[in-house]
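Me: I have a model open and would like to talk through how its parts pack together. Could you take my questions one at a time?

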Amino acid sequence: MQVSPPGATAAVPPAAPAAPAAPTAPVAPADAPALLCLPYAGGAAQAFTGLRTALSAAARTELLELPGHGRRMAEPVRDDFGEVLNDLVRSSAPHTTGHYVLLGYSMGAAFAYELARHWSALGRPPSGVVLVGRNGPTARQTFPDIHRLAAPAFLDAVRRLGGTPPQLFERPELIELFAPVLRADFTLSETYEALPGPPLGCPLWVCAGTDDPMVDDAGLRDWENHASGDVCIEWLPGGHFLLDDAAFHAYVGGVLRALPRPRARC
């Protein structure tokens, strides 16, 4: 071992360079729209985390959670469309007083459409609605209903759709926890019929993956029968689950840039 002579100052090793600071996500300006996101069957609000990060400079993204899902897992799950819609009316209310957009994914598209009609009837319409991975309410069905299937067949159908972590199907305790949530959500999605009332007047942006087995061109165009305003339909590369795809993030960003300027409300 080397020892320093008396009176000498021991050498001090140079300090390690400081780790670079993590990049800070840009913050949307105060006049940016609120983007209210509604998830697919079995999905929790956190599924939109990647989209929120990608659009942090363009929108104030609000993730709406359904009863019995995600951070509301302790609450009873519900399979009545009207009850869930009323719950979403309450949770969305604080975000509908200004410039906002609704985005619904698959099952969430049905709720986004009906929420938009609800708030439009009260004089608080969204600037636009984005409907992803779902045919219109009166379209011919392209995928067989699964919510009434017995447990093994139901879970197998969910597995084949993709988007569900494979480990869920390998652990009985997870199946016991999530199977009722999945069945309730597919009941909501597959039994939905458009509620009485006029068509939606704000612009609709409708998109789906080119390999999505749950939609077809005629089904997407059926949304035109439920809107009195513009309907823009676009196909993106991929299947039913596009949420984390860069092309989908870019598509939603383009929608936000194309929004009509909000008009002052009385």
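Predicted model: local features only at pLDDT ≥ 70, side-chain atom pairs only at ≥ 80, totals over all residues.

Me: How far does helix α7 reach from its first C-alpha to its last?
Reply: Helix α7 has 13 residues, and the span expected at 1.5 Å a residue is 18 Å. The model comes close to that expectation, with a reach of 18 Å.

Me: What is the bridge partner of Leu 102 in β4?
Reply: β3 and β4 pair in the parallel sense over five bridges. β4 itself is mostly covered, with five of its five residues buried. One side holds Gly 128, Val 130 and Val 132, and the other holds Val 129 and Leu 131. For Leu 102, the bridge partner in β4 is Val 129.

Me: Are the rings of Phe 81 and Phe 111 stacked or edge-to-face?
Reply: Good pair to pick out of the seven aromatic pairs found in the whole structure. Phe 81 is in helix α2 (residues 81–92) and Phe 111 in helix α3, 30 residues apart, and both are buried. Their ring centres are 4.2 Å apart and their planes lie at 5°; planes under 30 degrees apart count as stacked. The pair is therefore stacked.

Me: And what about Phe 154 and Phe 186: what kind of pair do they make?
Reply: Phe 154 lies in helix α4 (residues 151–161) and Phe 186 in helix α5 (residues 172–191), so the pair ties together parts that are 32 residues apart in sequence. Both Phe 154 and Phe 186 are buried. Their centres are 5.9 Å apart with the planes at 90°, and over 60 degrees is the cut-off that matters here. So the pair is edge-to-face.

Me: Which residue has its charged end over the ring of Phe 154?
Reply: For a charge to sit over a ring, CZ of Arg has to be within 6 Å of the ring centre. Here the charged end lies 4.3 Å from the centre of the Phe 154 ring, and it belongs to Arg 183.

Me: Is His 226 buried or exposed?
Reply: His 226 is found in the loop between α6 (217–221) and β6. Not counting residues up to four places away in sequence, His 226 touches Tyr 113, Pro 137, Thr 138, Ala 194, Pro 199 and Leu 200. Its relative accessibility is 11%, and under 20% counts as buried. So the label for His 226 is buried.

How values were computed:
Residues numbered from 1 in each chain as written. Heavy atoms only, no water. Phe/Tyr/Trp six-rings, centres within 6.5 Å; stacked < 30°, edge-to-face > 60°. Helix = DSSP H or I, 4+ residues; strand = E, 2+ residues; numbered from the N terminus. Buried < 20%, exposed > 50% of the residue type's maximum accessible area, 1.4 Å probe, protein only. Lys NZ or Arg CZ within 6 Å of the ring centre and 35° of its normal. Expected span 1.5 Å × (residues − 1). Pairing = 2+ DSSP bridges. Contact = heavy atoms within 4.5 Å.
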